[in-house]
Amino acid sequence: MAKEIFQDVIPPGKRSIRRIPLKRQKPAPTPPPVREKAEKATERRIPDAPPRETRREEQPVPIKEKNYSYYEYPKKKRLPKILIGVVGGILGIALLVFLITTFASSATLKVTARQADASLDSDFVAQEVPEMKGIGYKTIAVSEDSKELVTASGTQDAKKKASGTVVLYNNFSTTPQKLIRNTRLETTDGLIFRIDSSVTIPGKATLAGKSIPGSVSVLAYADSPGEEYNVGLVDFTVPGFKGTTKYKDFYARSKTPMQGGLIGKINTITDKDRTDAIKRAQTKAVAELLSQVNTKKQDGFVLFSNSYAADFSNLPDKQTAGGSVEVGVHANLKAIVFDERALSNQIAEKSLKDFDGGPVAVLNMENLTYETKKADPKHPFDPGTLSFHLKGQPKMQWVIDTDKIVSEIAGKQRAELQNILATYHGIEKAEVVVKPFWLRSFPSDTSKITIEQH
C-alpha cells in the first residue's frame, strides 16, 4: 500500500517548509529590570489621577482626618490649634498657681522662748483686790466628812446623842454673823440640837443679779441622848433670834441625817485605836479637799502644796454591824490661790538682774517653798492683804503672745518678719517655713499661720 502523503501541508511546488521565506522582524527591546519597571510604574502612578472610586474614598471625612499626622494638616489649620494650646496652657498654669496660693498656702513659725534660772529667797505681799501689777489672790473653801472603821474592843452601857452635819445660812445682810458654840437649832417637831463649835456665817452676796445667802457647814449634836433624835434631813430655825428681824433670815438645813442617838449597850474601842483612826481620816479628808480645790480654781491661778488651812471636828461614833465602830471627822479647808502671771513677774523682778519686765512664767512654781507670814496658822487668810515668803530655784521662761504675732505678720512680706520679731524680747530665735516656697509673703488668712513655741 502506497504511502499516503498529506498534500495539504506541502507547499505548492513541493517546497519544503524550510524554504518558506520568513518575514524578518526587528528584535523586541530588552525589557528593563523588574526593579526599574517597578520604579517607573511608581513614578507614573504618583502623577496619575486616582480612579474615581479611590478619589471618593479619599474625600476628607472627619474620621480619616483624625488619623492624619500633625504635619499632614495644612498650615492654615494647624496654627490656631497651636495658639489655643499655648494660651490654654498658660491659663491653666495661672489658674493652678492662683488655686495653690489661695487655698494651699500656709506658714509655720517656730519660735524659741528665752529661759533663765535664778535663786529666790524673798517676801511677797498679795492682795484680794490687787493694785496695778500687784499679786492677786482668791480663797476657796471646801468641806468633807471622812470616816474610818475600827474593830470594837468591848461593850459598855452608854447614852449617846444623835448628831450630824448642818448648813447654816445668812440671808439677812451682807455682814457676816458669828454663832458661838452650843447655839441652839430647832426642828419643826421641836427637837433641839446644838452646834459643836463657834462659826461665822458669811454675809449674803449678789451673783448674776441673784441674791445668794452666805453659808457655812458645822457639826450639830442632839440636846439629849436617845433614839428619838435620830431624824432624817430636816430644816432648823435659830431660836436665839426669835422675836427679832433675824429670825426669818437665819436658818439651817441638814447636810446629813442625825444619827447615833441611843440609850443602852454599845461597842467600844480603845483610845489609841480612835486616835489613829482620826489621823487617817484627817489625812484622807485633806487630800480629797485639795483635789476639790484644784478642780475649782480658775486657770491662771496657782495653789502651793501648803497654801491652805484646815480644821477638823470629830464626828460622833457610829455603831455598825459586825462589831466595829465608825469614827470620823468633819473637815473644813480654806485654800488660797495666787495670780500666777503676776506672781511670776514679781519673782523675776526679785531674782533676775536687768529683768526687762517680761512677761515670764515660772515653770517649776510647785517646787518653791511657801510659808505664810500669818502668826495664827489656823486663820491665815483674813480678807485684804496676805504676806508670805517664797524660797527656791525658779526656772523662768518668757511668755510669747503668739496671737499678736500672727495678726502682725498676716499678709506681710517675709522680709518684714525680722523687724516684727525684734519687738518681742522674749524670743531667743525663730525659723519660718512658707508654702509653697515661691511665695514671698505670709497668708492673709490668720488661720493658715501656725506658731510653734519651743
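Analyst: Let's begin with Lys246, which counts as partly exposed because its relative accessibility is 25%; buried means under 20% relative accessible area, exposed over 50%, and partly exposed in between, with a 1.4 Å probe and protein chains only. This is a predicted model, where local features need pLDDT of at least 70, side-chain atom pairs count only at pLDDT 80 or more, and totals for chains, interfaces and linings use all residues. Residues are numbered from 1 along each chain as its sequence is written, and side-chain values use heavy atoms, leaving out hydrogens and water.

To find Lys246, look in the loop between strand 13 (235-237) and strand 14 (250-254). Strands (E, at least two residues) and helices (H or I, at least four) are DSSP runs, numbered from the N terminus. Setting aside neighbours within four places in sequence, Lys246 has contacts with Phe172, Gln177 and Phe241, where contact means heavy atoms within 4.5 Å. Ser173 is 73 residues away from Lys246 in sequence, yet the two C-alpha atoms are 9.3 Å apart in space.

Now compare another loop residue. Arg414 sits between helix 7 (402-409) and helix 8 (417-421), and Arg414 is also partly exposed, because its relative accessible area is 26%. Not counting residues up to four places away in sequence, Arg414 touches Val434, Phe437, Leu439, Arg440, Ser441 and Phe442. Of these, Val434 is 20 residues from Arg414 along the chain and 8.8 Å from it in space, C-alpha to C-alpha.

How far can you trust the picture? The predictor's confidence in each residue is called pLDDT and runs from 0 to 100. The chain averages 82, and 79% of the residues score at least 70. Over residues 1-10, however, pLDDT stays under 50, and the model has 2 contacts there beyond four places in sequence. Residues 36-44 also stay under 50, with 1 such contact. Where pLDDT is low, the predicted coordinates should not be read in detail.
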